[in-house]
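Hi there,

Here is the structure I promised to pass on. My notes follow below.

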Amino acid sequence: MIDSIKQKLAKLNPSQPTNLKKAGVLIAILHYDEYIDTPSIIFTQRSSVVSTHSGEVSFPGGMMEDIDIDLYQTALRESYEEMNLDPLIVKKIGRLNYLISRYDIEVNPFVAIIEEKPHLKGNAEIEEIFEVPIEFLLNKDNMTTQTFQRDNMKLEMPTWYYNNQKIWGLTAMITADLLNICFDANIGVIKR
C-alpha cells in the first residue's frame, strides 16, 4: 500500500507557488505493528483557548517561519511543537498540491509514514490527538457533505464524524485530496 501511495504522489505536478503567506501541514500515516493491515492518519483537535481554529480538527502544522529551510521543515517543526512527534521517525513519501484557506493562506500538505510507535503528547494548542483508519475514511457510508458559503460560491464538501470528532472544512478537503489521489476515492467538492 505505501509503495502505491508513493507512486501516485510522485505523478503529481506541483502547482506554482502563490504570493500568499505559506503554511505546511503533515499528513502522518501510522504504518507499524497493529497498523500494518489498517494504516491510520493522525489528526489533532485544537484547543478551545487558541485564537484561530479553536476546537477544530486539523493536521499538525502551521505558518512557515524564517528558521524553516522549506515547507516540509515547517510541517515537521510544527508537528514536533504541537504533539511531540520525533522528526527522526517521520519518513516523507510525497506531497499534495496546496489549497488556499479561507484566510488566504497557501496550505501545503506533506504525506509521511511513521513506521514505529510515536510517543505523542499535545502542547497547549492541542486538546486531543487521535487516529482515524484510512478504511473508515474510504467507506462512503461514513462520509456526509456540508454546504459552505465562500465568497459568492456555495461549496458542498465532505465531512466525517469519527467518535466525538468532526473532520470538516480545509482538513476534510485535504483528506479528500489524499484519498482521491492515492486511493481513487472519487470524493468531490461540488461548487455552485
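Is Asp184 buried or exposed? With a relative accessible area of 58%, Asp184 is exposed (buried is under 20%, exposed over 50%, partly exposed in between, with a 1.4 Å probe and protein chains only). Before the rest, some ground rules: this is a predicted model, where local features need pLDDT of at least 70 and side-chain atom pairs count only at pLDDT 80 or more, while totals for chains, interfaces and linings use all residues. Residues are numbered from 1 along each chain as its sequence is written, and side-chain values use heavy atoms, leaving out hydrogens and water.

Asp184 sits in the loop between α4 (169-183) and β12 (190-191) (helices are DSSP runs of H or I with at least four residues, strands runs of E with at least two, numbered from the N terminus). Its phi is positive, near 50°, although Asp184 is a residue other than glycine. Most residues other than glycine have a negative phi. Asn84 also has a positive phi, of about 60°, and lies in the loop between α2 and β5 (90-95).

Strand β8 (residues 126-133) runs antiparallel to β2, joined by seven bridges (strands pair if DSSP finds at least two bridges between them). Gln45 stands opposite Glu128 in β8 and opposite Val57 in β3.

Happy browsing!
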